[in-house]
Amino acid sequence: MVKKLNSKLWMILLMFAFLAACGSVATQGLRMEEPSESAGAPGFAAEIAVEEPAFAPAAEPAASDNFQVGIPSERLIIRTADLDIVVADTAESLQALNKLAADMGGWVVRSGIYNFGTADRGNISMRIPAENFDQALATIKAGAVDVNSESTSGQDVTEEFVDLSARLANLEATADRVRSFLDDARRVEDALAVNQELSRLEEQIEVIKGRMKYLSESAAFSTINVNLTPDELNQPLEVAGWRPQGVARDAIEALIIAGQNLVDVLIWLVLFFLPVLLVLGVPLYFIARFIRRRWRQRGAASEAAGGSS
């Protein structure tokens, strides 16, 4: 009787392991129904109401094992911005950006300042609640002397989050069934086999939970990277009223113009003059040969006539 029970237990364990693997593959094709309102493209409005984030706390999230899994009510968009700005003072601007991140419920990931010749450059990377993303960008640009470059991007991870939710529910259900077999295990070998399978399932569950937590928090807090250049480094080089870069620019422009003129001449030669020369030159060549041959024949005839006389 015990042997039959053990053999049945092994068969059931193998069946559940097979079902779990099939369920993980099948749920890859899951697609979420489109929401009634689509997410708009990132804007740059100066005034945006500050609300509590939908998927994460208002401060830097601490690592937690109690991450609650749920289907998002809105699309999860991971937004990132990169700015290169000119500022009056690098150190003061970095302090202002640190304060901006804190005031908007975010935090600074990293920041640095380094010497470049006679002035200091700086950079900072901050995480801002997604609902304050546009307002933060507008504030940063408003406090800059100039904006050299700006780029924003958004990555929609809603589909991946929903697929992970389905896989997680399937693995947790399978783990509960396998866990129930511990009560039926009569031998140490059977208990160890059940625990081994349960550990494998729980490891997969933790990996999926970690990925879902990362996606949720990344969508709740957008990333803004800012490079700061002091205004004095952005000014043109000038020595006693002479700007060498202006002379260099004029020389380059003159070289480009000369090259363009040369190319224009070559184009005219190939596309206009060469066909004209072929059309007119070939007949003129044969006419000139014919005339020269006739003159030679007449000259030869005249010499022959003079010699016979």
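The model I am reading is predicted. I then checked the axes of the pair: those of helix 4 (residues 158-180) and helix 5 (residues 188-220) come within 9 Å and cross at roughly 155°. Angles over 145 degrees count as roughly antiparallel, so helix 4 is roughly antiparallel to helix 5. I sorted the residues in the contact of helix 4 with helix 5 by class and noted 13 nonpolar, eight charged and four polar ones.

Next I turned to helix 3. How many of the 10 residues of helix 3 are buried? I noted seven in the stretch 133-142, so helix 3 is largely enclosed by the rest of the structure. The buried residues of helix 3 are Phe133, Asp134, Gln135, Ala136, Leu137, Ala138 and Ile140. I also looked up what covers these buried residues.

Last, I took the protein as a whole. I listed seven helices and five strands. Along the sequence I read the pattern as α-β-α-β-β-α-β-α-α-β-α-α. The protein has 309 residues, and 29% of them count as buried. For the accessible surface I wrote down about 20,100 Å², with 59% of that belonging to carbon and sulfur atoms. I also looked at contacts between residues at least 6 apart in sequence, and 83% of these join residues at least 24 apart.

Technical notes
Residues are numbered from 1 along each chain as its sequence is written. This is a predicted model: local features need pLDDT of at least 70, side-chain atom pairs count only at pLDDT 80 or more; totals for chains, interfaces and linings use all residues. Side-chain values use heavy atoms; hydrogens and water are left out. Helices (H or I, at least four residues) and strands (E, at least two) are DSSP runs, numbered from the N terminus. Buried means under 20% relative accessible area, exposed over 50%, partly exposed in between (1.4 Å probe, protein chains only). Contact means heavy atoms within 4.5 Å. Accessible areas come from the Shrake-Rupley method with a 1.4 Å probe; for residues, only the protein chains shown count as cover. Axes are lines fitted to C-alpha atoms, for helices over the stretch in contact, and angles run from 0 to 180 degrees between N-to-C directions. Angles under 35 degrees count as roughly parallel, over 145 as roughly antiparallel, 65 to 115 as roughly perpendicular and the rest as oblique. Ala, Val, Leu, Ile, Met, Phe, Trp, Tyr, Cys and Pro count as nonpolar, Asp, Glu, Lys and Arg as charged, and the others, Gly among them, as polar.
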